[in-house]
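The sequence and the structure come first.

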Amino acid sequence: MDTEKTYTLRDLETTEFSGTPLAVIGHPIKHSVSPAMHNAALVQLRKADSRFIDWAYYRFDIAPEDLAQALPLFHRRNFLGLNLTIPHKVQALDLIKGVSPDAEIAGAVNTLVWDELGYDGFNTDGYGLSRGLEVDLGVSLKGANVILLGSGGAARGAAVQCVLSKCAQLYVGNRTPERLQDLMAVLAGMPGGARAQTFALSQLPENLPEQGVVVNATSLGLKAGDPAPIDVAQLPAGWKVYDMIYNPSATALLEQAHARGHAIANGLSMLIHQGARSLEIWSHADVDAHAMMTAACHALKLPPRHD
Ligand code: NAP
């Protein structure tokens with residue numbers, strides 16, 4: 001089978017995927033770098049352990065209206081693991097056998113693991129973010145002050161991770177107040193959720209602590225010409241800025257923050273570490289995140305990174 005190809009529901013109906021197949025499913029999915037990342041890590045796993053000899057990671061374009069039909073088919077075809085990306089992370093919750101507690105709170109799953117009776121769901125995005133912040137910016141979420149921009153799927157995972165990690169303060173802002181309130185209701189039900197408060201994107205909270213990290217979990221910045229979601233000039237000098245967006249590699253938010261002297265990083269490290277954690281869940285082996293980073297940089301036509 002060809003791990004470069006984009007497969008469809010029809011392929012799943014008509015084709016046997018031999019060995020131990022894994023896949024990312026989304027819509028659109030053509031530009032996903034997950035197959036490159038995971039297949040590079042599988043090459044490394046194979047060198048250390050022959051049980052990975054027939055593992056391969058594919059990509060499938062599955063429309064949202066086909067997800068309910070596709071998941072049982074993936075299961076019947078013995079796909080050991082699936083990564084879910086836009087737009088499936090929330091809808092899949094109602095279609096699987098079990099959900100890990102943090103994914104249940106976040107209301108989204110990005111990693112499914114085969115079990116005889118169906119798929120179990122996990123969310124590795126929060127872990128990926130927390131590792132990305134540590135690796136790129138030296139920020140540990142425990143005790144950190146965090147300004148989180150957004151209230152969509154990625155922001156929900158990030159907010160839950162911040163509270164679970166016992167951040168000091170969590171300030172959440174979003175364009176649509178209703179979605180922000182939904183997220184705040186989730187956080188309010190968690191131990192430590194009281195450390196979360198809201199703000200309007202147009203005005204950063206008053207009297208911010210001297211240090212902290214801004215995490216952009218909005219999709220503002222994905223398109224050329226998108227403005228920054230906040231006015232970086234309102235940010236105290238000691239704050240760092242992380243943008244979950246990694247393609248383009250520099251958003252207006254990152255460029256403006258960099259120009260004002262803030263330490264910055266984009267979401268590539270989050271992508272790598274959420275993927276590495278997924279593969280660890282499936283393989284129960286240590287995964288080479290460096291190999292994944294090299295493959296992702298190559299696929300994205302970025303200069304190689306050595307972290
Ligand atoms: P989503 O569920 O569609 O949420 C999108 C968020 O962006 C919402 O909060 C939305 O606000 C906000 N937004 C969209 N357009 C906006 C605008 N013009 N002005 C202000 N806010 C705007 O998407 P998602 O899955 O959470 O993903 C969010 C971003 O994170 C995407 O860029 C995605 O690529 C990135 N991401 C990166 C990784 C990684 O591994 N690095 C992982 C997951 C996601 P409203 O509620 O007002 O619509």
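Is the crossing of helix 5 and helix 9 left-handed or right-handed? In this predicted model, the crossing of helix 5 with helix 9 is right-handed. The contact behind this crossing involves Asp125, Tyr127, Gly128, Leu129, Arg131, Gly132, Val135 and Asp136 on the side of helix 5, and Ser269, Met270, His273, Gln274 and Arg277 on the side of helix 9. Sorted by class, the residues of this contact are four nonpolar, five polar and four charged. The axes of helix 5, which covers residues 125-137, and helix 9, which covers residues 268-283, come within 7 Å and cross at roughly 130°. The two helices, helix 5 and helix 9, are therefore oblique to each other.

**Helix 9 and helix 2**

Helix 9 also packs against helix 2 (residues 34-48), at an angle of about 50° and with the axes 10 Å apart. That angle makes helix 2 oblique to helix 9, and the crossing of this pair is right-handed. From helix 2, the residues Met37, His38, Ala41, Leu42 and Leu45 meet Leu271, Ile272, Gln274, Gly275, Ser278, Leu279, Trp282 and Ser283 of helix 9. The contact of helix 2 with helix 9 is made up of eight nonpolar and five polar residues, with no charged residue. Gln274 of helix 9 takes part in the contact with helix 5 and is also listed in the contact with helix 2.

**Helix 6 and helix 7**

A further pair is formed by helix 6 (residues 153-164) and helix 7 (residues 177-188), whose axes come within 11 Å and cross at roughly 30°. Because angles under 35 degrees count as roughly parallel, helix 6 is described as roughly parallel to helix 7. Helix 6 passes helix 7 in a right-handed crossing, and the contact consists of Ala155, Arg156, Ala159, Val160 and Val163 from helix 6 together with Asp182, Leu183, Val186 and Leu187 from helix 7. By class, this contact of helix 6 with helix 7 holds seven nonpolar and two charged residues, and no polar ones.

**The ligand**

The ligand is surrounded by 22 residues, and the closest are Ala154, Asn174, Arg175, Thr176 and Met244.

| Residue | Protein atom | Distance to a ligand oxygen atom |
|---|---|---|
| Ala154 | polar backbone atom | 2.8 Å |
| Thr176 | N or O atom in the side chain | 2.4 Å |
| Ser219 | polar backbone atom | 3.1 Å |

**Backbone features in loops**

Which residues are joined by a cis peptide bond with omega of about 5°? Ile86 and Pro87 are joined in this way, and Pro87 is placed in the loop that runs between strand 4 (81-84) and strand 5 (98-99). A cis peptide bond, with omega of about 10°, also joins Asn247 and Pro248, where Pro248 belongs to the loop between strand 12 (238-243) and helix 8 (252-259). Asn78, a residue other than glycine, has a positive phi near 65°, and Asn78 is found in the loop between helix 3 (67-76) and strand 4.

Methods: Residues numbered from 1 in each chain as written. Predicted model: local features only at pLDDT ≥ 70, side-chain atom pairs only at ≥ 80, totals over all residues. Heavy atoms only, no water. Axes fitted to C-alpha atoms, helices over the stretch in contact; angles between N-to-C directions. Helix = DSSP H or I, 4+ residues; strand = E, 2+ residues; numbered from the N terminus. Parallel < 35°, antiparallel > 145°, perpendicular 65-115°, else oblique. Left-handed = near helix turned anticlockwise from the far one by under 90°. Contact = heavy atoms within 4.5 Å. Nonpolar A, V, L, I, M, F, W, Y, C, P; charged D, E, K, R; others polar. Near = heavy atom within 4 Å. Polar contact = N/O pair within 3.5 Å; in protein donor to acceptor, adjacent residues only side chain to side chain.
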